[in-house]
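Visitor: Please show me the model, and let us go through the labels attached to it. I would like each label set against its cut-off.

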Amino acid sequence: MIDAKSVAELRAKTGAGMMDCKKALTETNGDMEAAIDYLREKGIAKAAKKESRIAAEGLANVYIDGNKAVILEVNSETDFVSKNEEFTSMIDTIGKTILSSNAKTLEEVLELSTSEGTINDLIVAKTAKIGEKLSLRRVEVLEKGDNETFGSYLHMGGKIAVLTLLEGANSEVAKDVAMQAAAMKPEYVSEDEIPAERVEKERNIFKEQAMNEGKPADIAEKMVEGRVKKFFKEICLIHQAFIKNGDIDVATYVANNNGKVLKMIRFEVGEGMEKRSDNFAEEVMNQIK
């Protein structure tokens with residue numbers, strides 16, 4: 001029986017996770033030195049030391065097979081690694097493994113089996129081999145009906161990935177909608193998805209602006225409604241001017257092709273994450289070391 005004190009001691013010495021430490025001690029019959037060697041051999045100890053480092057570069061990608069699609073983002077510390085064949089091959093393994101599974105959540109995905117252990121084991125091993133912190137940040141799985149269509153688009157080789165789901169239409173139209181989302185960065189498909197409190201907050205701001213401009217109440221109300229509609233056009237995919245024909249919006253373009261936009265998922269690598277402050281020269285030197 002492996003006691004908690006031994007697990008804590010091994011964790012302090014290696015920086016590895018609690019479950020990894022427990023497994024290492026179990027595999028080595030509680031021998032601390034052997035357990036440390038076990039973690040080193042598996043690359044876990046080396047990977048654990050990188051856990052506190054910032055990884056906000058990397059790639060996003062989309063994988064589609066029949067009526068199922070996966071969009072994911074995998075992070076690295078530097079942009080150089082995103083061009084590394086070891087890294088891109090790992091992403092492909094992850095994407096294809098998810099496609100052939102029933103996993104839906106990130107936690108379930110990390111436990112999926114590959115030829116190199118679980119997906120979590122694979123990431124740990126590649127972290128040790130490549131020498132940078134790597135992490136699977138997010139995953140979404142979509143399934144469609146036979147009358148629905150997937151569209152996907154990668155921008156800048158995977159710095160932005162978009163997956164769309166349309167009712168009707170065809171794959172070219174769905175791809176156009178994905179390109180639109182990549183370029184114009186909508187936050188929602190339609191206003192129905194916007195939280196009511198956010199709409200109310202914007203409406204109050206617009207009302208205050210109109211009143212500060214000295215407009216009469218009835219004029220102010222019309223101005224508010226106009227500005228709310230403009231707000232929707234900025235952040236809602238279907239209300240944006242279509243990038244290939246600015247005379248119509250996206251909803252009209254899709255409807256003209258016998259379709260309707262149902263869902264849009266847009267992953268931009270590193271969005272909302274803290275960025276490394278290294279300059280270019282330092283990044284090159286880090287790769288040489």
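Guide: Contact here means heavy atoms within 4.5 Å. The model is predicted. By that contact criterion, Glu 86, Phe 87, Met 90, Thr 93, Ile 94 and Thr 97 in H5 meet Ile 119, Leu 122, Ile 123, Lys 126, Lys 129 and Ile 130 in H7.

Visitor: How do you know how H5 and H7 run relative to each other, roughly parallel or roughly antiparallel?

Guide: The axes of H5 and helix H7 (residues 119-130) come within 11 Å and cross at roughly 180°. Angles over 145 degrees count as roughly antiparallel, so H5 is roughly antiparallel to H7.

Visitor: What does helix H5 touch in the sheet?

Guide: Helix H5 (residues 85-99) packs on the sheet and touches E1, E2 and E5. The direction of H5 makes about 150° with that of E2.

Visitor: What is the strand order in that sheet?

Guide: The order is E1-E2-E5, three strands in an open sheet with antiparallel pairing.

Visitor: What makes E1 and E5 edge strands?

Guide: Strand E1 (57-65) and strand E5 (135-143) each pair on one side only. Neighbouring strands of the sheet are turned by 10° against each other on average, with direction ignored.

Visitor: How do you know that E1 and E2 pair?

Guide: Pairing takes at least two bridges. E1 and strand E2 (residues 68-76) have nine bridges, in the antiparallel sense, so by the cut-off of at least two they count as paired. As one example, Asn 61 has Leu 72 in E2 as its bridge partner.

Visitor: How many aromatic pairs are there?

Guide: Rings pair if their centres lie within 6.5 Å, and the count comes to two aromatic pairs.

Visitor: Why is the pair of Phe 231 and Phe 232 called tilted?

Guide: The ring centres of Phe 231 and Phe 232 are 6.0 Å apart and the planes are at 40°. Stacked needs under 30 degrees and edge-to-face needs over 60, so this pair is tilted. Phe 231 and Phe 232 are both buried.

Visitor: Why is the pair of Phe 242 and Tyr 253 called stacked?

Guide: The centres of the Phe 242 and Tyr 253 rings lie 4.0 Å apart, with the planes at 15°. The limit for stacked is under 30 degrees, so the pair is stacked. The pair links distant parts of the chain, with Phe 242 in strand E8 (residues 241-242) and Tyr 253 in helix H11 (residues 250-256), 11 residues apart.

Visitor: Are Phe 242 and Tyr 253 buried or exposed?

Guide: Buried means under 20% relative accessible area. Phe 242 has 5%, so Phe 242 is buried; Tyr 253 has 12%, so Tyr 253 counts as buried.

Visitor: What makes a charge sit over the ring of Phe 267?

Guide: CZ of Arg must be within 6 Å of the ring centre and within 35 degrees of the ring normal. The charged end of Arg 138 sits over the ring of Phe 267, 4.1 Å from its centre. The charged end of Lys 144 sits over the ring of Phe 150, at 5.8 Å from the centre.

Definitions and conventions. Residues numbered from 1 in each chain as written. Predicted model: local features only at pLDDT ≥ 70, side-chain atom pairs only at ≥ 80, totals over all residues. Heavy atoms only, no water. Buried < 20%, exposed > 50% of the residue type's maximum accessible area, 1.4 Å probe, protein only. Helix = DSSP H or I, 4+ residues; strand = E, 2+ residues; numbered from the N terminus. Axes fitted to C-alpha atoms, helices over the stretch in contact; angles between N-to-C directions. Parallel < 35°, antiparallel > 145°, perpendicular 65-115°, else oblique.
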